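Dear colleague,

I am passing on the structure we spoke about, and below it I have set out what was found. Please read the notes with the coordinates open beside you.

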Amino acid sequence: MAKAFFRLQKFLRRTQFLLFFLTAAYLMAGSLLLLQRTRLVIQQGSRGTSANQALPVLDGMAEVGIVDPRMLQNPHPGPRLLVGMDALQELALDQQHGPRWLVTRNSELRQLRRRWFHRFISDQEPMQTAGFKAMKHIAEHKGTYMGCFTDDSRERTLKGAVFYDLRKMTVSHCQEACAERAYTYAGLAYGAECYCGNKLPATTTKLEECNSECKGEKGSVCGGVNRLSVYRVEELRAGARRRRNVIYRGCFRAPENLTDTFPASLIQPNLTVEMCSEFCSKKEFPLAVIRGRECYCGYPTGRFSLHDGADGLLCSGMHNSSSTAEGKYCLVYQTPVQDTRCTDRKFLATKSKVFVALSSFPGAGNTWARHLIEHATGYYTGSYYFDGALYNKGFKGEKDHWRSRRTICVKTHESGKTEIEMFDSAILLIRNPYKSLMAEFNRKYAGHLGYATDRNWKSKEWPDFVNSYASWWASHVLDWLKYGKRLLVVHYEDLKQSLIPKLREMVEFLNMTVTEDRLLCVENNRDGNFKRSGAKQKGFEPFTQEMKDLINRYILTVDEALRGRNFTGLPREYVPR
């Protein structure tokens, strides 16, 4: 009996020691993992905003009330009508239209920030030096490799067009993009940036200094820090020519002195549109102007603004005419070359003293307005959110902390007293709610440049979306009118119709000055990369009569609130359907 007891005691002691050993090993492994993650967070913090930074919840939205002017005459309001505009408190709405969408929306925005932040940081992790030794210029690239060149960001040689792609940039992608736009050279830098032009950079450098791996092509070199991997794509241009877009701009009255107005010219018997466009593309001009046998290249300027078109019949029959010297009219075409007079952008050299918001409801054209402001002022805009897709489109302010004050203004869709009073002033961009709701629904299901499918529109998501987001459209405007310190109200439709006057007003509000030629350059590049792709359904009407009644009440309320603050009321096209 004693012997059995001794064996049991010995076994328990061994088991105790084994459990202790396993527990210690587990704790050590956990500690090492914690230290590794802590180190990663510290590295991330040195590169950008902390991933733990939370978005403020749109709590003000749940308290906002909207009043229908017709309610003042009706002592028994319906369950969906909101009253007490001054108090901004909601009555009991149907439970299905409750504030759950606010939580969902803020959660969606927070997840967007975190996904983009971690994805961006992971892309920025330094590559091992040993990996560069193995990298070679892949043979299947069709262009001719010209070498590694220094890249001066202040005065680039390859400045004809610029593209970014932090996820999928490849040498072939850059070459094809430049070839389609009639450029001779394609240059890659930082592993993700593509530049096009017709002149080689002046200074070559050692091949090993181009050591950044392409983001979308392992083992291939895409330049380096302030270094360009340059390829000649002349041989690709023949195949790309059929895909180029030469756009007819119209018939215009010719300026009095064409040689003074246009920097380059060509006289050619049997001149064709393609010949003139090719000539101007090589000279890196966005406009090709034809008068008889004369071809002129240049930009839109104060002398030739392209604002006053003439009847096309006045230009008919003049092509290759022998009386070109007496011709009063000319044909104008847009070449594939980008107007580069307004593409240079940078961060503010010193922190801005005035913290300005570019505020709008989602789907109201905020990204397009940022494109216009950046190209007009030459400074990046910031964002309350992190969006990798927009960073890839050239919005470098996306990676900058939104409170850094290094950007000219900051995009936001937030509302509520706390969020609004953080800003000293704001440009409040308002768009027709019918168009805004459709644009945001398209973005939600197909991204910035796509369209939602018929299945999406016919699902139960669409009526739920309208019931929740329509009230947000109205309360967003009302909150900014109530709490905004200094506002410039801009209607999307007015900006689209009268771009230069409205854009000049926005630039002046930002305490910036801009030349007429730069504004004409912005107008020439007005769409940027932000037109939705795919076929748009003509006459598509996703709104039921019940939805229209709900939205129309909000339109009347917002219109009355704007006029009450001495702002211009909503445009006529907002009038209830």
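Predicted model: local features only at pLDDT ≥ 70, side-chain atom pairs only at ≥ 80, totals over all residues.

Asp-400, by contrast, counts as buried at 11% relative accessibility.

By the rule applied, the count of salt bridges comes to 14. Another of them joins the side chains of Arg-345 and Glu-374, at 2.8 Å from N to O; this pair links distant parts of the chain, since Arg-345 sits in the loop between β13 (329-334) and β14 (356-360) while Glu-374 belongs to helix α8 (residues 366-377), 29 residues apart. Glu-374 is buried, at 0% relative accessibility.

A further salt bridge, between Glu-505 and Lys-502, has an N to O distance of 3.6 Å. Because these two residues are 3 apart in helix α15 (residues 499-509), about one helical turn separates them. Glu-505 is partly exposed at 34%, and Lys-502 is partly exposed at 24%.

Finally, Asn-432 lies in the loop between β17 (425-430) and α11 (433-446) and is buried, with a relative accessible area of 3%. A polar atom of the Asn-432 side chain lies 2.9 Å from the backbone nitrogen of Tyr-434, and, leaving aside neighbours within four places in sequence, Asn-432 is in contact with Glu-493, Glu-573 and Tyr-574.

Key. Residues numbered from 1 in each chain as written. Heavy atoms only, no water. Helix = DSSP H or I, 4+ residues; strand = E, 2+ residues; numbered from the N terminus. Buried < 20%, exposed > 50% of the residue type's maximum accessible area, 1.4 Å probe, protein only. Polar contact = N/O pair within 3.5 Å; in protein donor to acceptor, adjacent residues only side chain to side chain. Contact = heavy atoms within 4.5 Å. Salt bridge = Lys/Arg side-chain N within 4 Å of Asp/Glu carboxyl O.
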